[in-house]
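Here is a brief report on selected local features.

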Amino acid sequence: IRRECAEVKIAVAFKVVPDDQDIQIAGDRSLDFSKAKGIVSAYDLNAIEAAAQLAAAHPGSTVTAVTAGPASIDDSKLKKNVLARGVDDLIMAADDALAGMDAAATAEVLAAMLADGGYDVVLCGDGSADDYAQQVDVQLAARLGLPSVSAVTKLAVEGDGLVVERTLEDVVEEVAVPLPAVVAVSPDVAVPRIPGMKDILAAGKKPMDVKAAPCVPAATIEVVSCAAPEAAERACTVLEASADGAIEQ
């Protein structure tokens with residue numbers, strides 16, 4: 001039976017996405033990712049911080065970061081960046097067989113990586129910075145056979161479960177969920193820390209388990225095309241501020 005001071009075993013899933021600042025757009029609106037380095041999805045940085053804060057509130061707790069993707073995600077700087085954020089160890093499936101996964105495929109691979117870990121809480125960002133499908137958390141929970149709660153902006157371990165605050169468009173809910181559970185957090189849950197040099201140096205000594213794909217999932221979504229939106233022509237309308245209704249226009 002868990003108590004408020006009990007240790008909590010936490011896993012936090014994150015996605016490596018191309019840095020959108022380096023994505024090139026060609027004349028035909030196609031996207032060139034060749035110069036875009038992989039970075040941690042911004043929404044997942046909030047989830048990592050929430051996991052670290054939850055662990056800090058329960059001495060002896062651990063945080064394991066989990067991710068999957070093509071072989072290119074196995075980057076030393078990226079791994080240290082994650083481990084410098086209050087994370088104890090990292091599990092990574094880096095395999096070109098996992099390139100271009102949709103939400104269902106990602107959930108299948110993460111479920112295979114987490115199934116035997118005995119985690120109390122699995123945290124996810126509420127979406128990814130590239131697709132923002134908002135599907136991985138619920139599909140992961142379904143595969144693990146665990147309860148799922150989304151849009152979480154506060155969370156705390158109480159007794160043998162979690163009490164979370166969900167901030168929705170027109171209401172704020174307080175929900176109790178039994179553990180183990182999968183929790184998707186909104187960006188407001190925590191502000192990501194900026195790792196210091198001491199944290200970065202210590203990160204290089206933490207366990208990093210990089211492995212091949214635990215399975216090769218089939219995609220459930222077919223991408224027909226991916227292109228930048230057409231550039232809109234500027235109206236070039238100039239209004240006189242003194243004219244009636246100009247400010248509203």
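## Surface patch

A patch, as used here, is made of residues with over 30% relative accessible area and no salt bridge, and nonpolar side chains are joined within 5 Å. The model is predicted.

One such nonpolar patch on the surface consists of M197, I200 and L201. Together they have about 310 Å² of accessible area. I200 sits in helix α5, which spans residues 197-203. Its relative accessible area is 34%, so I200 counts as partly exposed. In an α-helix, residues three or four places apart point the same way, because there are 3.6 residues a turn.

## A buried charge

D44 belongs to helix α1, residues 42-56. This residue is buried, yet has no salt bridge. Which side chain of opposite charge is nearest to D44? That is K15, 8.0 Å away.

The backbone of K15 tells another story. The side chain of D44 reaches the backbone nitrogen of K15 at 2.7 Å. Leaving aside residues up to four places away in sequence, D44 touches A13, F14, K15, G125 and G127.

## Helix α4 and its cover

Helix α4 runs over residues 136-144. Within α4, D137, Q139, L140 and A141 are buried.

What covers these buried residues? The cover includes helix α3 (103-114) and the strands β8 (121-125), β9 (148-158) and β12 (181-185). Just after α4 comes G145, with a positive phi of about 70°.

Definitions and conventions. Residues numbered from 1 in each chain as written. Predicted model: local features only at pLDDT ≥ 70, side-chain atom pairs only at ≥ 80, totals over all residues. Heavy atoms only, no water. Patch = residues over 30% accessible without salt bridge, like charges linked within 9 Å, V, L, I, M, F, W, Y side chains within 5 Å. Areas by Shrake-Rupley, 256 points an atom, 1.4 Å probe, with all protein chains shown as cover. Salt bridge = Lys/Arg side-chain N within 4 Å of Asp/Glu carboxyl O. Helix = DSSP H or I, 4+ residues; strand = E, 2+ residues; numbered from the N terminus. Buried < 20%, exposed > 50% of the residue type's maximum accessible area, 1.4 Å probe, protein only. Lys, Arg positive; Asp, Glu negative; His and termini not counted. Polar contact = N/O pair within 3.5 Å; in protein donor to acceptor, adjacent residues only side chain to side chain. Contact = heavy atoms within 4.5 Å.
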